[in-house]
Amino acid sequence: AGGIGLTCLVANAGVTQQILDPTNAAGFSVATSILNTNMMGTVHTIEPMVDVFAKRGHGQIVIISSVSSFFSAVPVLTAYGSSKIAQRVFGECLRSA
């Protein structure tokens, strides 16, 4: 029962697929899948540890986003870029809380 347990959590969710036409139903379906994996995968990875780290008074959460979160829209990477921006901003908000 000794030890300090987990002290650092790394959330590294990321998949992509080119969406050649983001304006049709197939494009939206792929986008939904990418957003769910990348953003919600990050949320679901972090959520169980937030209370644990808070109760302990220490712990680090690392979110791996992408340099693409700093670029303007890349049409064939609509969902990927959006999900990586969401990850980056989510992490910034957690840090500020």
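Which residues lie nearest the centre of the largest pocket? Before getting there, a word on the model: it is predicted, with local features needing pLDDT of at least 70 and side-chain atom pairs counting only at pLDDT 80 or more, while totals for chains, interfaces and linings use all residues. Residues are numbered from 1 along each chain as its sequence is written, and side-chain values use heavy atoms, leaving out hydrogens and water.

Let's start with the strands. Helices (H or I, at least four residues) and strands (E, at least two) are DSSP runs, numbered from the N terminus. Strand E1 covers residues 8-11, and E1 pairs with E2 in the parallel sense over 4 bridges; strands count as paired if DSSP finds at least two bridges between them. To go from E1 to E2, the chain passes through H1, and this β-α-β crossover is right-handed (with the strands pointing away from the viewer, the path from the first strand over the helix to the second runs clockwise). Within the pairing, Val 10 sits opposite Val 62 of E2, and Cys 8 has Gln 60 of E2 as its bridge partner.

Now look at the two faces of E1. In a regular strand, side chains alternate between the two faces of the sheet. Here Leu 9 and Ala 11 form the covered face, whereas Cys 8 and Val 10 are on the uncovered one.

Buried means under 20% relative accessible area, exposed over 50%, and partly exposed in between (1.4 Å probe, protein chains only).

Back to the pocket. Ile 61, Ile 63, Gly 91, Leu 94 and Arg 95 lie nearest its centre, among 13 lining residues. A pocket, on a 1 Å grid over the protein atoms alone, is an open set of points where a 1.4 Å probe fits, with protein on both sides within 12 Å along at least five of seven lines; lining residues have an atom within 4 Å of a point. The largest pocket holds about 370 Å³ of space. Helix H1 (25-56), strand E2 (60-63) and helix H2 (78-96) each supply at least two lining residues, with H2 giving the most, 6 residues. By type, the lining divides into 6 nonpolar, 4 polar and 3 charged residues.

Glu 92 belongs to H2 and is partly exposed, at 33% relative accessible area. Its C-alpha atom is 14 Å from that of Ala 11, 81 residues away along the chain. Lys 84 is also in H2, but Lys 84 counts as buried because its relative accessibility is 2%. Over in H1, Met 39 is buried, with a relative accessible area of 13%.

Conventions:
Grid points are joined across faces, edges and corners, and a volume is the space filled by probe spheres set on the points. Ala, Val, Leu, Ile, Met, Phe, Trp, Tyr, Cys and Pro count as nonpolar, Asp, Glu, Lys and Arg as charged, and the others, Gly among them, as polar.
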